[in-house]
Amino acid sequence: MRRVQRVLVTGGAGFIGSNFVHHLVSHTDLTVTVLDKLTYAASRDALAGLPESRVRLVVGDVADAGTVDPLVAEHDAVVHYAAESHNDNSLTDPSPFVQTNLIGTFTLLEAARRHDTRLHHISTDEVYGDLELDDPERFTEATPYNPSSPYSSTKAGSDLLVRAWVRSFGVRATISNCSNNYGPWQHIEKFIPRQITNVVDGVRPKLYGSGENVRDWIHADDHSSAVLAILERGAIGETYLIGADGEKNNLEVVRLILGLMGQPEDAFDHVTDRAGHDLRYAIDSTKLRTELGWLPQFGDFEAGLAATIDWYREHEAWWRPHKDATEATYAAKGQ
Ligand code: NAD
Ligand code: DAU
């Protein structure tokens with residue numbers, strides 16, 4: 001097998017992909033090419049300051065074989081983050097989700113097959129559907145797929161494509177399904193940064209429905225260290241679940257944000273619920289921990305959240321230009 005020296009990171013200008021690029025630069029001697037279409041969710045700023053000798057950005061579409069094929073040919077491994085990632089957007093217009101998440105993954109798989117390139121596919125715990133609040137079981141690698149939204153169904157479909165290309169064509173691929181990430185550079189359409197930036201603006205946080213929905217929070221840095229462990233030591237054809245035992249309901253998270261930002265903990269509004277809103281996600285990451293020796297470093301969610309709040313306060317110039325349009329989109333839906 002070729003030693004991995006050059007890595008192609010798709011979606012590397014997004015929230016989690018850019019975190020991974022920084023992680024590779026600080027923890028390995030690999031060189032990195034980012035392939036990113038620079039959609040509304042991307043940020044060149046998230047890649048600023050990285051050494052030009054180690055990191056280059058190619059602006060292009062992961063669903064364009066003419067762009068993807070030569071890039072895959074000249075790299076030893078691909079880590080595939082590129083996706084349309086926001087559930088609410090997928091309820092408004094599923095079309096780019098089908099195009100990027102399904103056709104994009106298919107395009108990469110065909111290139112990996114042609115050039116025998118190692119591929120790691122980044123996916124989500126949402127492929128498993130949701131759990132009851134009192135279910136003693138958490139998601140494992142054996143949980144049947146049962147996605148709810150256009151977003152999660154396209155991610156589930158992309159995982160199944162990867163599995164089929166491993167089995168039918170011998171593509172050297174692995175898959176990881178991670179829980180909800182938080183940290184710097186997350187787009188302000190997402191739950192935690194939306195509420196932080198609302199409070200900065202003196203606007204009350206917006207909680208969908210009752211707020212009892214549970215998410216299993218993990219810091220993006222811990223996601224990156226897990227992906228590197230899988231890239232380095234994962235067994236071809238295997239799936240690994242990534243999670244940090246961070247279950248919290250949305251009400252608890254909003255109260256924590258308000259408390260950390262010096263506001264009364266009941267200063268939020270309930271708004272129209274998300275259609276088909278998944279109730280609870282929870283990850284059992286035993287396989288990753290026991291087989292690859294991975295452990296999360298950000299055990300204290302409240303401390304991680306406080307640091308994230310500080311980051312959004314310090315980076316207002318980055319998110320401010322997008323705030324009004326993001327909120328206008330939500331307001332049109334009563335959210
Ligand atoms: P994001 O929306 O912040 O970033 C996605 C990136 O992909 C952007 O830079 C965007 O420009 C790029 N992109 C979109 N379409 C593209 C295309 N056609 N060609 C090339 N680039 C394209 O998303 P994120 O939250 O960083 O998520 C990254 C990946 O991790 C996704 O695959 C997502 O499903 C997965 N994931 C996310 C979470 C989470 O909590 N955010 C959890 C588990 C898994
Ligand atoms: O579980 C992993 C998934 O986590 C990833 O695959 C997705 O890419 C990522 O976006 C995230 O999906 P969610 O739908 O869970 O994340 P979001 O930040 O949109 O919402 C988190 C929870 O907060 C969810 O229960 C909906 C709720 N919510 C969200 C917003 C934006 C609110 O209550 N109010 C809000 O304003």
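Start at ligand 1: helix 1 (15-27), strand 2 (31-36), helix 4 (95-115) and strand 5 (118-124) each give at least two residues to its shell. Helices (H or I, at least four residues) and strands (E, at least two) are DSSP runs, numbered from the N terminus. This is a predicted model: local features need pLDDT of at least 70, side-chain atom pairs count only at pLDDT 80 or more, and totals for chains, interfaces and linings use all residues. Residues are numbered from 1 along each chain as its sequence is written, while chains are lettered from A and ligands numbered from 1 in the order in which they are written.

Stay here. Ligand 1 has 31 residues around it, counted when the C-beta atom, placed from the backbone, lies within 6 Å. Select the closest: Gly11, Gly14, Ala41, Ala42 and Ala83. Helix 1 gives the largest share of this shell, three residues.

Move to ligand 2. It is surrounded by 19 residues, the closest being Ser85, Thr124, Lys190, Phe191 and Tyr208. Helix 6 (191-200) and strand 8 (206-208) are the elements that give two or more.

Zoom in on strand 5 and strand 6 (residues 173-178). Six bridges join these parallel strands. His120 stands opposite Thr174 in strand 6.

Key. Two strands pair if DSSP finds at least two bridges between them.
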